[in-house]
Amino acid sequence: MASFEELTKEQKFTYDTTKYDFRGIVRKMMDYEDLEQVHKLDPQSTKPGLVEFKSDQSTIFHRKFYQSEYFEDFLKLYWKFLEEIVAPMFAEKELVYQKRPTFRIHLPNNVAVGTKHCDSDLNHPDGEINFWIPFTRVIGNNGFYTESEPGKGDFHPISPMEYGQMLRFYGSKCIHYNEINDVGCSRLSVDFRIIPKSIFKPCSSATVKSGMTLSLIHI
């Protein structure tokens, strides 16, 4: 278990992909085996400028993810992962967590998120801790860039990463962003946020991008 200050420090973790087979479910959702080449399902998906701030949650791949018949299977595995892997990192037993993780795809010749930001700019609570899980290799510019501490400005790539790794970082206050994906393969991932209940301040505002609200989990 870590203190809140320790939780805000960027760190990578590994997990057992045989027990938490996220990629297997995502392959079913996309109906495509090679997720790094999933953009081939839509010839228009690699068109430069396709993804921008207003459209980075509305590609055909997002619809495939959220509207899939396998979405509930994914959520069950996600909740199991939260309980068994993520929640034990926190000293506090009552946590407020993102009920539905946010799906991302970083298509060739595009960005995955349409603006440089920290999450608190988009109505997220200040005390959130971010977790980021890729389902493909993260190489070169198909990952993202972040600063190590709020306001430090030492932007660096989170790549390389592999499937079976997870990144924890302080996305609520650390600015992060994408560069154009110039490596020729797509990156698929989800991210989610958790905040200790003791520092959570309920707000009537939903998040700007997805209208997300947070739910209480007792571990």
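**What the labels rest on**

Reply: Happy to, and keep in mind that this is a predicted model. Leaving aside neighbours within four places in sequence, Phe 4 is in contact with Gly 127, Ile 129, Tyr 170, Pro 196 and Ile 199. Phe 4 itself lies in helix H1, residues 4–7.

Me: Why is Phe 4 called partly exposed?

Reply: Its relative accessibility is 32%. Buried needs under 20% and exposed needs over 50%, so Phe 4 counts as partly exposed.

Me: And what makes Tyr 15 and Tyr 20 count as buried?

Reply: The cut-off is under 20% relative accessible area. Tyr 15 comes in at 10%, so it counts as buried. Tyr 20, at 2%, counts as buried too.

Me: Why is the pair of Tyr 15 and Tyr 20 called edge-to-face?

Reply: Two values go into that. Ring centres have to lie within 6.5 Å to pair, and planes over 60 degrees apart count as edge-to-face. For Tyr 15 and Tyr 20 the centres are 6.4 Å apart and the planes are at 70°, so the pair is edge-to-face. The structure holds 22 aromatic pairs.

Me: What makes Phe 74 and Phe 135 an edge-to-face pair?

Reply: The test works as before: within 6.5 Å for the centres, over 60 degrees for the planes. Here the centres are 6.1 Å apart and the planes stand at 85°, so this pair is edge-to-face. It links distant parts of the chain, with Phe 74 in helix H4 and Phe 135 in the loop between S4 and strand S5, 61 residues apart. Both Phe 74 and Phe 135 are buried, and both belong to one aromatic cluster that also includes Phe 22, Phe 65 and Tyr 163.

Me: How do you know that the charged end of Arg 100 sits over the ring of Tyr 66?

Reply: The distance limit is 6 Å from the ring centre, and there is an angle limit of 35 degrees from the ring normal. The charged end of Arg 100 is 4.2 Å from the centre of the Tyr 66 ring and is assigned as sitting over it. Lys 116 lies over the face of Phe 155, at 4.7 Å from the ring centre.

Me: Which residues touch the most other members of the largest nonpolar core?

Reply: Phe 22, Phe 65, Phe 74, Phe 135 and Phe 192, out of 44 residues. H4 gives the largest share of this core, 8 residues. A second, separate core has 7 residues, among them Val 138 and Phe 144.

How values were computed. Residues numbered from 1 in each chain as written. Predicted model: local features only at pLDDT ≥ 70, side-chain atom pairs only at ≥ 80, totals over all residues. Heavy atoms only, no water. Core = buried A, V, L, I, M, F, W, Y, C linked by side-chain atoms within 4.5 Å. Buried < 20%, exposed > 50% of the residue type's maximum accessible area, 1.4 Å probe, protein only. Helix = DSSP H or I, 4+ residues; strand = E, 2+ residues; numbered from the N terminus. Phe/Tyr/Trp six-rings, centres within 6.5 Å; stacked < 30°, edge-to-face > 60°. Contact = heavy atoms within 4.5 Å.
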